[in-house]
Amino acid sequence: MRRYMRLIVLITVLLVLLAGIFLFFQLVAVEHLDALARALHSFESEIAAIDNKLFVFLLLMLFFVIKAAFPVLPNSALFIIAGVVFDRPVALLINVAGIALQMTLRYYYGVHRPGGYAHRMVERQERIQQILKKNENGSIPLLFIFRLLPNFPINTVSQLYGSMGCGYAEYIFVSLLGILPKLTMYTLLGNSVFDPFSPAFLVPLALLLLFSVSSVLLYWHFVYSKKKKRQEDLPPQDIASSP
């Protein structure tokens, strides 16, 4: 019952947020659209005039490396920045390379330094613990869902799966597959950020919100269905005592 209440609250918050954004644009922002459009166009021209894009690329890669150790910027910000500065295909490739580098570094940190915050996080989540215990090298479906989730700690999951001995090739493939949808949406947002009222910006934004809600629902279904199945497999006398 509690998880359904959380779902209702989540959907309500999203609807209120969307309604608030709509009212803001209707009552306030619409009066300043021309000035905003001119300012954005001017900024877009300045960005397009950047000659040394190699420097921007190297700076982005440096931030991805730093993020493997310190959460200086959200990954979404780096994805958007790449979309702002580079053409869409190039920005996507840069973001994929950058996040793969970050996840690889943190994975190998977990290989050589098991334990720490990643394991403490799992210890607080009994249902996740039960799923991982059935897979000595980590649950691959759970890894995929972790990567789908919005704002779920990338470094923590990477370190956890490195420490559990998950094969690198399988780990990085599933991780990239899971993170690719939101990475793509953020890149498209960055690519269209100077025209925030266009379908090129609003469609990825709407898809990102829809995708975020769907991934949370998928996580709840996966984790709680595992719990339910485990209880069904227990002998009748053990179900009452099952956590």
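This is a predicted model: local features need pLDDT of at least 70, side-chain atom pairs count only at pLDDT 80 or more; totals for chains, interfaces and linings use all residues.
## Overall fold

The protein chain contains 12 helices and zero strands.

Of the 243 residues in the protein chain, 37% count as buried. Among contacts in the protein chain with a separation of 6 or more, 73% are between residues 24 or more positions apart. The protein chain exposes about 14200 Å², and carbon and sulfur atoms supply 68% of that area.

## Helix H9

Helix H9 spans residues 154-163 and is mostly covered, with nine of its 10 residues buried. The buried residues are Ile154, Asn155, Thr156, Val157, Ser158, Gln159, Leu160, Tyr161 and Gly162. After H9 comes Gly165, which has a positive phi, near 80 degrees.

## Cavities

Two cavities of 30 Å³ or more are counted in the model. The largest cavity has a volume of about 40 Å³. Its lining consists of Phe146, Arg147, Leu149, Phe152, Pro153, Ile154, Val157, Ile179 and Lys182. Helix H8 (140-148), H9 and helix H10 (168-191) are the elements that give two or more residues to this lining.

## The largest pocket

The largest pocket holds about 570 Å³ of space. It is lined by 31 residues, and those closest to its centre are Asn75, Pro150, Asn151, Phe152 and Ile154.

Several helices take part in lining the largest pocket. At least two residues each come from helix H1 (2-27), helix H4 (75-85), helix H5 (88-112), H9, H10 and helix H11 (199-233). H11 provides the largest share of the lining, namely seven residues.

## A nonpolar surface patch

Phe55, Leu59 and Leu62 make a nonpolar surface patch of about 280 Å². One of these residues, Leu59, is found in helix H3, which covers residues 53-67.

Why does Leu59 count as partly exposed? Its relative accessibility is 35%. Buried means under 20% and exposed means over 50%, so a residue in between is called partly exposed.

Terms used
Residues are numbered from 1 along each chain as its sequence is written. Side-chain values use heavy atoms; hydrogens and water are left out. Patches are made of residues with over 30% relative accessible area and no salt bridge: like charges are joined within 9 Å, nonpolar side chains (Val, Leu, Ile, Met, Phe, Trp, Tyr) within 5 Å. Accessible areas come from the Shrake-Rupley method with a 1.4 Å probe; for residues, only the protein chains shown count as cover. A salt bridge is a side-chain nitrogen of Lys or Arg within 4 Å of a carboxyl oxygen of Asp or Glu. Helices (H or I, at least four residues) and strands (E, at least two) are DSSP runs, numbered from the N terminus. Buried means under 20% relative accessible area, exposed over 50%, partly exposed in between (1.4 Å probe, protein chains only). Contact means heavy atoms within 4.5 Å. On a 1 Å grid over the protein atoms alone, a cavity is a set of points where a 1.4 Å probe fits but cannot get out, and a pocket is an open set with protein on both sides within 12 Å along at least five of seven lines; lining residues have an atom within 4 Å of a point. Grid points are joined across faces, edges and corners, and a volume is the space filled by probe spheres set on the points.
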